[in-house]
Amino acid sequence: MSGKDESIFSKEALMGTQAGKEIMKQGLLRGKGYKQFNHYKEKTEQEFGAFAKRFVESLHHAMESDANPGLTMSRFADEVGSEELVPESSTLHDIKSRLSSTDVLQDRVSRILNSNFVKMTFPVFNALYDGSAQYFGDSDSQEKRDAVIDGHIIAIDLSEPMDRIVDRDEDLEYLEDYKFMCPYILGIARHKISQGGDSVLKAFEAGFKDARIGQYIDVKLKMNPASISDENMSECYKKYRAVMGTAGRNMALNRRPLSDIFHLGMAKAGECVGCGNEIEDALRNGAVKIPSWPLYFAINTGDVKKGFELTMQKSELYLEEARMALDMLPEKFELRPFLEFLFLTVRHYNQHWHNELVRRAPFAEFQSKIQAAVK
């Protein structure tokens, strides 16, 4: 499995979780799911560099050819509903000049591509697209395949700089560059996704709108953590459901039944990984993330440790919903074992970080920071 921290899927780490032991067992037995998954993992290792190069080249061209960056920034701010996500107009010339260096731009792109959601989904999208093409008997060109997959990976990647800008918990020295890059990243994603057809682009636009709603609620909860509730956390998680679910839908080029099935599986798997990501972020940043399921549960139980235990229960509920998608798959869908193995890796990811949390036991520190945040 690929991820931001490769050690999560080391032999030692796999031995530390129930799901990890099952992954190792399937590897030893060379099960069908393991072999399918390993095929796409190796394919990702071979192709990810070429994807990143295409991304940098497209981004560089888009920024260099834009004669009016100020207008581009203004339109983007209007679309996402926030002036905070774009740089001050007085800084645009200097930022554009800095990012005109391909080496500098490559560095910034590499940083935002170093994301669990990007690295864990690249092989999945390739598999879903291939499985769909086989099911429907498609003979699409490699160019169309690359465009649809690239576009959705780039759209997911857009959430990385936007989250870092809002959260201000990572890459602080590069946030102004990220602000400048965001409108062009969205434009590239749209252009590539449109090559899948009108129906595919329409599905993306609907998903992107829902993701913005989730991001808006996320920002509002950051301003008032005490207002957190199960309902607004569910709405906040639209940012996972919408982005990942829409990408799944469009790997089938928005055609039923696979479009709906992929949407359900990827949306719920995305929410499940979101729970694990909140645990990982808490350990990395030394505080419970605002907003997050651990925060919601900790506030209502008065027990941070229990808050994380309930978050793990929540992640299992999401994963069970994702697994419902497996039971909806047509009998002749060849990559079901791949998806079963994928969900196993998701469970291991969450279990690994929860085990690490229990081992470090920073609960007293987390409790005091929560109390300060919700006063």
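**Aromatic rings in a predicted model**

Mentor: This predicted model holds 19 aromatic pairs.

Trainee: Where do Phe48 and Phe51 lie?

Mentor: Both are in helix 3, residues 32-64. Three residues separate Phe48 from Phe51, about one turn of the helix.

Trainee: Are Phe48 and Phe51 buried or exposed?

Mentor: Both Phe48 and Phe51 are buried.

Trainee: Why is the pair of Phe204 and Phe208 called stacked?

Mentor: The planes of Phe204 and Phe208 are at 15°, and the ring centres are 5.9 Å apart.

Trainee: Which helix holds Phe204 and Phe208?

Mentor: Helix 10, residues 198-223, holds both. Phe204 and Phe208 are four residues apart, about one turn of the helix. Both are buried.

Trainee: How do you know that Arg255 lies over the face of Phe136?

Mentor: Arg255 is at 4.0 Å from the ring centre of Phe136. The distance cut-off is within 6 Å, and a charge must also be within 35 degrees of the ring normal.

Trainee: What sits over the ring of Trp293?

Mentor: The charged end of Lys314, 4.6 Å from the ring's centre. Trp293 also belongs to an aromatic cluster with Tyr237, Tyr240, Tyr296, Phe297 and Tyr318.

Conventions
Residues numbered from 1 in each chain as written. Predicted model: local features only at pLDDT ≥ 70, side-chain atom pairs only at ≥ 80, totals over all residues. Heavy atoms only, no water. Phe/Tyr/Trp six-rings, centres within 6.5 Å; stacked < 30°, edge-to-face > 60°. Helix = DSSP H or I, 4+ residues; strand = E, 2+ residues; numbered from the N terminus. Buried < 20%, exposed > 50% of the residue type's maximum accessible area, 1.4 Å probe, protein only.
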